[in-house]
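Here is a briefing on one protein chain. Look over the sequence and the model, then read the points below.

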Amino acid sequence: MQTAFSIANVTFSADPVAPGVVDLQVNFQIFNNGPSHVAGLMVTTDFWATSHVSIATFQGFGAGSEFWRASFSTSGPPVNFEFVIFCDDFGGVDGVPRIWSTNGGNRFRASG
């Protein structure tokens, strides 16, 4: 039985954190009815010629939801991030459903 249903309330920023380093920070909420999730970002800085996975860190529970935070650092500035958010649901019986937030098909974008 699937226990994760949607990803919402996405906030993010891309900021220089050291000379020559920009950090993307993404906070989001997964709406669910049970635990056993792994969440994260699929992120690119070169228009999807290459991509990277950044696993998110669980931050806490809300009413019918979980709070998560993911980060990804790269050289810059300038840097243009493009990303989508995923959640793997290990509450399934014989499979691991994956849900996505693609920002309505537009992907999320941040510059730093």
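Is E82 buried or exposed? E82 counts as buried, at 8% relative accessibility; buried means under 20% relative accessible area, exposed over 50%, and partly exposed in between (1.4 Å probe, protein chains only). The model is predicted: local features need pLDDT of at least 70, side-chain atom pairs count only at pLDDT 80 or more, and totals for chains, interfaces and linings use all residues. Residues are numbered from 1 along each chain as its sequence is written, and side-chain values use heavy atoms, with hydrogens and water left out.

**Salt bridges**

- The count comes to three salt bridges, each a side-chain nitrogen of Lys or Arg within 4 Å of a carboxyl oxygen of Asp or Glu.
- E82 and R107 meet through their side chains in one of them, at 2.4 Å from N to O.
- This pair links distant parts of the chain, 25 residues apart. E82 lies in strand β7, and R107 lies in the loop between β8 (98–101) and β9. Strands are DSSP runs (E, at least two residues), numbered from the N terminus.
- R107 is partly exposed, with a relative accessible area of 28%.
- E82 also forms a salt bridge with R109, where the closest N and O atoms are 3.5 Å apart.
- Here E82 in strand β7 is linked to R109 in strand β9, 27 residues apart.
- R109 is partly exposed, at 47% relative accessible area.
- D88 and R98 form another salt bridge, at 2.5 Å from N to O.
- D88 sits in strand β7 and R98 in strand β8, ten residues apart.
- D88 is buried, with a relative accessible area of 12%, whereas R98 is partly exposed at 36%.

**Nonpolar core**

- The largest nonpolar core has 23 residues. Such a core is a set of buried Ala, Val, Leu, Ile, Met, Phe, Trp, Tyr and Cys residues joined through side-chain atoms within 4.5 Å.
- L24, F28, I30, F81, F83 and I85 touch the most other members.
- At least two core residues come from each of β1 (4–18), β2 (21–32), β3 (37–44), β6 (65–75), β7 (80–89) and β9 (108–111).
- β2 gives the largest share, five residues.
- I30 is in contact (heavy atoms within 4.5 Å) with residues including A4, A39, W68 and C87, leaving aside its neighbours within four places in sequence.
- In soluble globular proteins, nonpolar side chains tend to be buried together.

**Open sheet**

- Four strands form an open sheet in the order β1-β2-β6-β5, with antiparallel pairing. Two strands pair if DSSP finds at least two bridges between them.
- β1 and β5 (57–62) stand at the edges, each with a single partner strand, so one side of each has no neighbour in the sheet.
- Neighbouring strands of this sheet are turned by 20° against each other on average, direction ignored. The axes are lines fitted to C-alpha atoms, for helices over the stretch in contact, and angles run from 0 to 180 degrees between N-to-C directions.
- β1 and β2 run antiparallel and are joined by eleven bridges. D15 stands opposite D23 in β2.
- β5 and β6 pair in the antiparallel sense over five bridges. G62 stands opposite S65 in β6.
- β5 and β6 form a hairpin with two residues between them. G64, in the turn, has a positive phi of about 70°.
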